[in-house]
Amino acid sequence: MIRRIGRLAALALIASLFPLLAGNTSAHERSAGGSHAGLEIPAISHGEMAVIADYRSGILALASRAVDTNEPFRRVLNYAEIQYSYCVWGRMPGSVTDEESPFNECAHAYLAATKAVLLSMREMPREAAAAGEIISAIDADMARRGLALITCQFSGEAFNTAQIVKPNWSRVPLHPASMASLTGLAALFGLAVLALRAVLRPKAQSSE
């Protein structure tokens with residue numbers, strides 16, 4: 001049984017990673033179709049990322065209630081949400097804090113877009129006060145934690161709403177935390193399949 005679970009877990013992991021590995025073998029590969037017609041999003045520093053990640057849900061909640069929006073704002077907000085999903089919803093360990101993580105560049109992308117959304121709301125009459133409070137809290141948090149000057153290899157990288165930044169799946173096996181997380185997920189998937197089959201088998205036998 002244990003050997004069977006191991007095989008199922010390995011197969012689940014390979015099945016989940018293969019299409020992603022095939023579609024993205026470079027850390028800097030982006031899904032853009034050669035288009036550069038999107039909106040530019042300024043770079044975000046490594047230090048800013050760590051703090052903005054903590055405020056992300058509050059920023060997006062405020063953005064979802066924003067009234068005085070325009071098309072550029074909505075496009076950047078949409079990009080932030082899409083990019084977040086491409087980055088496995090920020091669930092991979094070290095994706096924000098570890099520049100060696102295969103998910104660090106895509107984390108830069110969704111957090112840079114989140115920061116751009118926040119700064120845009122500072123210019124909106126109805127959202128300016130709440131946005132200002134969040135910005136002040138972020139500034140204070142960065143100063144308290146001494147993160148303002150911390151940079152990494154992606155800190156100077158700007159982004160574009162026409163370009164989706166994918167994780168560097170080919171480097172996952174070289175990053176122990178990411179590999180352990182995905183292997184654990186695959187094992188859980190394998191166990192769920194076994195549990196489902198165990199539940200369905202008696203029903204199938206009783207119907208015969």
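**Entry 1: a loop and its partners**

I started with Leu39, which is in contact (heavy atoms within 4.5 Å) with Pro72, Arg75, Val76, Phe159, Asn160 and Thr161, leaving aside neighbours within four places in sequence. A note on the source: this is a predicted model, where local features need pLDDT of at least 70 and side-chain atom pairs count only at pLDDT 80 or more, while totals for chains, interfaces and linings use all residues. Residues are numbered from 1 along each chain as its sequence is written, and side-chain values use heavy atoms, with hydrogens and water left out.

I find Leu39 in the loop between β1 (30-31) and β2 (40-41); strands here are DSSP runs of E, at least two residues, and helices are runs of H or I, at least four, numbered from the N terminus. Leu39 counts as partly exposed because its relative accessibility is 23% (buried is under 20%, exposed over 50%, partly exposed in between, with a 1.4 Å probe and protein chains only). Pro72 is 33 residues from Leu39 in sequence, yet their C-alpha atoms are 7.4 Å apart.

Next I turned to Thr161, in the loop between β3 (159-160) and β4 (164-165). Thr161 counts as buried, because its relative accessibility is 17%. A polar atom of its side chain lies 2.7 Å from the backbone nitrogen of Leu39. Beyond four places in sequence, Thr161 touches Gly38, Leu39, Ile41, Arg75, Val76 and Tyr79.

**Entry 2: α2 and its packing**

How far apart are the axes of α2 and α4? I read 8 Å for α2 (residues 46-65) and α4 (residues 104-121), at an angle of about 55° (axes are lines fitted to C-alpha atoms over the stretch in contact, and angles run from 0 to 180 degrees between N-to-C directions). That makes α2 oblique to α4 (under 35 degrees is roughly parallel, over 145 roughly antiparallel, 65 to 115 roughly perpendicular, the rest oblique).

Among the residues that meet here are Met49 and Ile52 from α2, and Leu111 and Leu118 from α4. By class, this contact has twelve nonpolar, four polar and three charged residues (Ala, Val, Leu, Ile, Met, Phe, Trp, Tyr, Cys and Pro count as nonpolar, Asp, Glu, Lys and Arg as charged, the others, Gly among them, as polar).

For α2 and α5 (residues 128-145), I noted axes that come within 10 Å and cross at roughly 160°. That makes α2 roughly antiparallel to α5.

Technical notes
Polar contact = N/O pair within 3.5 Å; in protein donor to acceptor, adjacent residues only side chain to side chain.
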